[in-house]
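Dear colleague,

Please find below the structure that I am handing over to you, followed by an account of what was found in it. I would ask you to keep it open while you read.

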Amino acid sequence: MVTLVRESEAPLQIPPPRKISFDIEEYVRRSTQGPCFICAILAGHPDYPHHDIYRDDETIAFLVHRPTLLGHCLVAPRRHIESWTDELDEAGFLALQRVVHRVARAVAATVPTERMYSLSLGSQQGNSHLHWHVAPLPPGVPYREQQFHALMAENGVLDVSDRSQADLARAIGRRLA
């Protein structure tokens, strides 16, 4: 049982999720041929379910739909930006990173975390909308299963229910409020 820490409330208990296989071919097809997933989420497209943990006028943060680590979320500008080095000035980049930092601290305060991973992925070929992954490595993961291995959906994704993701999103969101 994973206990999520909650201020002034009873701890949120979530059974440790098991890993299940992930259809990487479908993911590649959807990423390269479908609409921009972040723009689709912002537009409320029903084929892109998610659980927000933070929104402001410039930024959105939400839990990953098929996470590899409990609490894995994405932080992205609401405006469709593809290159942080070309399309954001220093002030815009630092504003986005402030949100990444706040989200990472809220996630770490909610789920057991040995190390917080933060990285930007995507390319012009797929998932081009700029986004940062914020992913908490739980304590006790064997070293061979950490770092990139822990983030790769090819190694399985967590079998988490929509309800547990909604509960987790609310718990993280309270830390950001």
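**The nonpolar core**

The largest nonpolar core has 26 residues, and those touching the most other members are Ile-53, Leu-63, Cys-73, Val-75, Val-103, Val-134 and Ile-172. A nonpolar core is a set of buried Ala, Val, Leu, Ile, Met, Phe, Trp, Tyr and Cys residues joined through side-chain atoms within 4.5 Å. Buried means under 20% relative accessible area, exposed means over 50%, and partly exposed lies in between (1.4 Å probe, protein chains only). At least two residues of this core come from each of β4 (51-55), β5 (59-63), β6 (73-77), α4, β8 (132-137) and α6. Helix α4 gives the most, with seven residues. Helices (H or I, at least four residues) and strands (E, at least two) are DSSP runs, numbered from the N terminus. Apart from this core lies another, of 10 residues, including Phe-37, Phe-62, Val-64 and Ala-76.

Please note that this is a predicted model, in which local features need pLDDT of at least 70 and side-chain atom pairs count only at pLDDT 80 or more, while totals for chains, interfaces and linings use all residues. Residues are numbered from 1 along each chain as its sequence is written, and side-chain values use heavy atoms, with hydrogens and water left out.

Ile-172 is placed in helix α6. With 0% relative accessibility, Ile-172 counts as buried. Not counting residues up to four places away in sequence, Ile-172 touches Ile-53, Leu-63, Ala-106, Val-107 and Thr-110; contact means heavy atoms within 4.5 Å. Ile-172 and Ile-53 are 119 residues apart in sequence, yet their C-alpha atoms are 6.3 Å apart in space.

Leaving aside neighbours within four places in sequence, Val-103 is in contact with Ile-53, Ala-61, Cys-73, Val-75, Val-134 and Leu-176.

**How the two helices pack**

Two packed helices are described by the angle between their axes and the distance between the axes. Helix α4 (residues 90-108) and helix α6 (residues 162-176) pack at an angle of about 120°, and their axes are 8 Å apart. Axes are lines fitted to C-alpha atoms, for helices over the stretch in contact, and angles run from 0 to 180 degrees between N-to-C directions. The helices α4 and α6 are therefore oblique to each other. Angles under 35 degrees count as roughly parallel, over 145 as roughly antiparallel, 65 to 115 as roughly perpendicular, and the rest as oblique.

Which residues of α4 and α6 meet? Arg-102, Val-103, Ala-106 and Val-107 in α4 meet Ile-172, Arg-175 and Leu-176 in α6. The residues of this contact divide into five nonpolar, no polar and two charged. Here Ala, Val, Leu, Ile, Met, Phe, Trp, Tyr, Cys and Pro count as nonpolar, Asp, Glu, Lys and Arg as charged, and the others, Gly among them, as polar.

**Residues in the loops**

Asn-127 lies in the loop between β7 (115-120) and β8. Its phi is near 50°, a positive value in a residue other than glycine. Asn-127 is buried, with a relative accessible area of 15%.

Gln-124 also lies in the loop between β7 and β8. Is Gln-124 buried or exposed? Gln-124 is exposed, with a relative accessible area of 61%.

Gln-147 is found in the loop between β8 and α5 (148-151). The phi of Gln-147 is near 55°, again a positive value in a residue other than glycine. At 36% relative accessibility, Gln-147 counts as partly exposed.

Arg-78 lies in the loop between β6 and α3 (84-87) and is partly exposed, with a relative accessible area of 31%. Leaving aside neighbours within four places in sequence, Arg-78 is in contact with Leu-42, Arg-55, Asp-56, Asp-57, Glu-58, Thr-59, Ile-60 and His-129.

Yours sincerely
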